[in-house]
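Please open the model in a viewer and keep the selection panel at hand.

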Amino acid sequence: MAKMPTPEELLAATPASFPKEGWMDTKPDFHPGSYCYPAKTDALQKLGFENAHEWAPQEEDWNLPENWEEIIYNSLKDALEKHRSLKLFMDCCVRCGACADKCHFFIGTNDPKNMPVLRAELLRSVYRKDFTTAGRLLGKYAGARKLDPEVIKEWFIYFYQCTECRRCSLFCPYGIDTAEITVIVRQMLLDLGLGINWIMNSVKDCNETGNHLGIKPHSMKEIVEFLCDDIETITGIRIDPPWNEKGHEVVFITPSGDYFADPGVYTFMGYLMLFHEIGLDYTLSTYASEGGNFGSFVSFDVAKRLNAKMYAEAKRLGAKWILGGECGHMWRVVNQYMATYNGPADFLETPVSPITGTVFHNAAATKMVHIAEFTADLIKHNKLNLRPERNNHIITTWHDSCNPSRAMGILEEPRYVLKNVCNNFVEMPEHTIREETFCCGSGSGLNAEEIMDQRLRGGFPRANALRYVHDHNDVNWMACMCALDRAALPPLVDYWVPGVTVSGLHELVANALVMKGEIPRTMDLRQEDLPFPDEDPAEEA
Amino acid sequence: MTIAFAATLLILFVGWAGSALGLQYLFGVILPLVAGAVFIIGFVWKLVRWAKSPVPFAIPTVAGQQRSLDWIKPSRLECPWTTPAVLVRMLLEVFAFRSLFRNTRAERTVIDGTPRVTYFSNKWLWLFALLFHYGMLVIIIRHARFFLDPVPACIAVVEFVDGVFQIGAPRFYLTDAFILAGLAFLLLRRVVSERLRYISLPADWFALFLLIAIAVSGILMRYVCKVDINQVKEVIMGLATLHPVSPTGIGSIFFIHVTFVSVLLIYFPFSKLMHMGGVFMSPTRNMKCNTRQERHVNPWNPWAIDDPQANYHKYAEYEDDYRDAMVEAGLPVDKQPEA
């Protein structure tokens with residue numbers, strides 16, 4: 001990472017007012033750090049994008065296909081015919097401006113094109129020109145403009161400066177959902193062969209290897225064995241999770257970030273410890289080793305292809321239902337799209353917790369349960385022996401991830417779990433939590449290193465709320481249930497609010513979980529000394 | 001803004017000129033009839049145009065706790081999972097502007113030398129938007145007395161309540177003040193706020209100017225340049241029953257008002273004002289939040305997972321790619337490697 005300005009410098013460098021000229025006359029700024037690296041041609045080709053080509057964002061000429069205007073026209077026409085939402089969102093906006101300061105990128109940058117209304121106008125102006133009579137006849141006076149390569153560049157900058165968090169759609173009087181518009185524009189850009197490497201490489205890897213990180217089956221097994229070694233060190237218990245085995249009741253699928261990246265791995269260890277303790281009859285899968293879905297950020301078609309593996313694998317393995325790990329956008333897809341994309345999943349059964357007998361009627365169609373629901377149910381039924389005192393050095397807050405909040409509504413379950421495993425819980429201020437939660441600034445595949453400046457700005461509202469409880473309530477921990485958050489928030493928090501640790505929910509669960517036959521715990525899952533270790537029975541005697 | 005203002009003035013001039021040049025029949029009868037037809041046909045055409053595109057995915061914006069475990073209280077209206085609950089959500093949206101009621105204002109400040117953001121509840125837009133829309137609604141209902149003979153009791157009641165303060169003669173209507181206050185606020189914030197100025201298109205100014213012109217010309221006609229109300233009613237009844245009566249002898253202000261209204265009716269279906277119809281169709285508001293419980297069907301879904309044309313990377317292909325390594329790592333395989 002290049003030398004970063006201090007937080008004060010970063011925000012001082014934010015323009016205080018908007019440009020003098022109108023937005024149609026301002027050009028996007030391409031300097032290193034303002035754009036994501038382009039997707040590699042072979043990655044796009046492997047996924048079947050016909051117009052994949054070599055290009056570079058900072059170059060004047062993007063080598064667009066010869067008939068690029070026609071491609072965009074057809075792509076937009078197709079999207080309008082397929083999505084009522086798009087037609088409505090193009091026609092209904094009254095530009096009341098209620099969405100403007102709801103966007104974390106706008107708050108962090110004061111760039112007018114980061115107001116959701118203007119982000120959408122970037123497409124609307126072209127829509128008016130091509131698809132409305134007024135736009136065709138009156139042009140600029142009807143808010144229409146001609147499509148030119150500068151517009152494509154502007155789309156590339158600003159639709160990769162939206163994290164599809166849908167906070168604006170909550171406040172919009174007509175529910176205009178910028179995430180929908182962003183996905184569609186990214187899809188149109190892909191039709192021109194324009195994508196970003198961070199997303200498309202993950203998509204290609206996920207398609208081939210089963211997960212975004214491109215971990216091959218044998219390596220995956222090995223990685224998890226290392227994690228099991230750590231669990232043994234901490235608890236004295238050896239866990240040997242089943243892989244790709246047929247005939248188990250449950251397939252467990254979680255974002256691949258949890259297998260691999262710090263601090264997600266501690267959450268993953270937490271899952272394994274929990275399953276071992278309750279004796280869950282489950283298997284992991286290397287083929288469906290990805291809960292997340294980077295395809296969902298850019299294309300409905302690609303999202304469906306990646307998502308299909310979950311059901312295909314559950315069916316092949318003869319499982320009864322699917323348990324899903326902690327994630328954000330994964331649950332947007334699972335909750336709102338999965339059954340539609342690849343259902344009906346009538347080869348599976350309505351999920352029933354084998355430990356408590358609770359029937360998850362709310363998952364009757366998808367057959368897929370969120371682990372926070374599952375664990376909350378276990379705790380409610382007193383099935384877990386918990387010692388929250390082990391987490392007494394932690395004063396934690398809860399970061400609601402965008403997608404589980406505004407596309408699912410899983411708000412109380414994680415809080416219930418958290419309060420049962422951690423004695424000190426503090427909420428961040430209102431307007432920054434629950435359905436009004438702020439994105440980490442790196443969602444929708446924007447957690448690429450090369451745009452760190454933009455990510456830090458986008459994460460400023462979240463960090464600001466955390467800063468408040470850090471200053472006022474000595475909060476030193478932020479738990480969350482999004483794998484992207486677990487990757488994106490630690491650098492963000494180190495930058496804006498040093499002294500706060502980021503973790504998943506089940507890391508804290510496993511810290512507190514008293515397992516049958518375990519050794520007295522002296523370390524947490526990160527193998528750091530517990531300030532309040534278990535008493536050693538041997539010493540007592 | 002200038003263009004929109006000029007366009008509004010032009011309409012004013014045309015309306016005035018129409019009556020001055022003795023084209024009363026054209027402006028008092030033909031124009032409103034055509035406008036009414038354009039409005040109705042255009043409105044329906046727009047709704048049909050929207051409805052022709054399917055809703056492939058269930059994408060409600062969830063604004064509260066989901067229904068999951070029995071002992072967790074779900075938010076029936078913010079995360080509605082039944083049709084009646086969705087209806088209530090929609091009613092709140094349409095009649096109480098629920099989403100706008102959430103509005104907050106983010107303010108960047110500096111505390112102890114470090115940058116911060118603070119959020120304040122901000123209901124002004126909600127309040128004035130309500131004033132304007134309800135003012136408009138009641139005024140439209142009141143106008144029904146020009147179209148109906150005898151005037152139904154319910155309209156008389158609305159009129160009575162609207163003029164309950166009994167100020168002046170003719171009695172001053174509250175809604176006249178509401179609509180002007182609402183429109184003035186909507187216009188002022190567009191002028192004063194840097195953000196609103198920046199995002200405003202000519203169409204945004206035009207809609208406001210047009211509505212203000214309608215309200216002002218209507219108010220002038222009632223309180224200042226009074227016109228013969230009985231004759232007006234005859235003309236309008238003629239329009240309503242499609243037996244037009246010649247509108248000669250009525251003051252110019254009537255024609256100006258009617259011209260403005262006609263332009264609004266013609267303009268309406270092709271403009272952002274169609275949010276009136278759109279709000280009912282928005283999939284982020286009018287869908288059930290039970291997407292894991294009931295499968296939503298996409299009519300253009302390209303394939304099912306077992307279809308031969310399904311183009312995802314299938315398990316068999318995956319195993320072909322990695323079979324040897326999998327066997328070596330002790331992972332089970334469907335097909336044993338060739339010896």
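Two strands count as paired if DSSP finds at least two bridges between them. The model is predicted.

Begin by selecting strand β3 of chain A, residues 321-324. A:Trp321 and A:Leu323 point one way from this strand, A:Ile322 and A:Gly324 point the other way, and all are buried. In a regular strand the side chains alternate between the two faces of the sheet.

A:Val369 in β4(A) stands opposite A:Leu323. To follow the chain from β3(A) to β4(A), trace helix α16, residues 329-342 of chain A; this β-α-β crossover is right-handed.

Now select A:Glu249, in the loop between α12 and β1 of chain A. A:Glu249 is buried yet has no salt bridge. A:Lys320, its nearest side chain of opposite charge, is 5.1 Å away, whereas a salt bridge requires a side-chain nitrogen of Lys or Arg within 4 Å of a carboxyl oxygen. Beyond its neighbours within four places in sequence, the contacts of A:Glu249 include A:Asp281, A:Trp321 and A:Pro354.

Finally, turn to the nonpolar cores. The largest has 124 residues, and A:Trp155 is among the members that touch the most others. Helix α9 of chain B, residues 202-223, gives the most to this core, with 11 residues. A second, separate core of 94 residues includes A:Ile253 and B:Tyr322.

How values were computed. Residues numbered from 1 in each chain as written. Chains lettered and ligands numbered in written order. Predicted model: local features only at pLDDT ≥ 70, side-chain atom pairs only at ≥ 80, totals over all residues. Heavy atoms only, no water. Buried < 20%, exposed > 50% of the residue type's maximum accessible area, 1.4 Å probe, protein only. Helix = DSSP H or I, 4+ residues; strand = E, 2+ residues; numbered from the N terminus. Right-handed = clockwise from strand over helix to strand, strands pointing away. Lys, Arg positive; Asp, Glu negative; His and termini not counted. Contact = heavy atoms within 4.5 Å. Core = buried A, V, L, I, M, F, W, Y, C linked by side-chain atoms within 4.5 Å.
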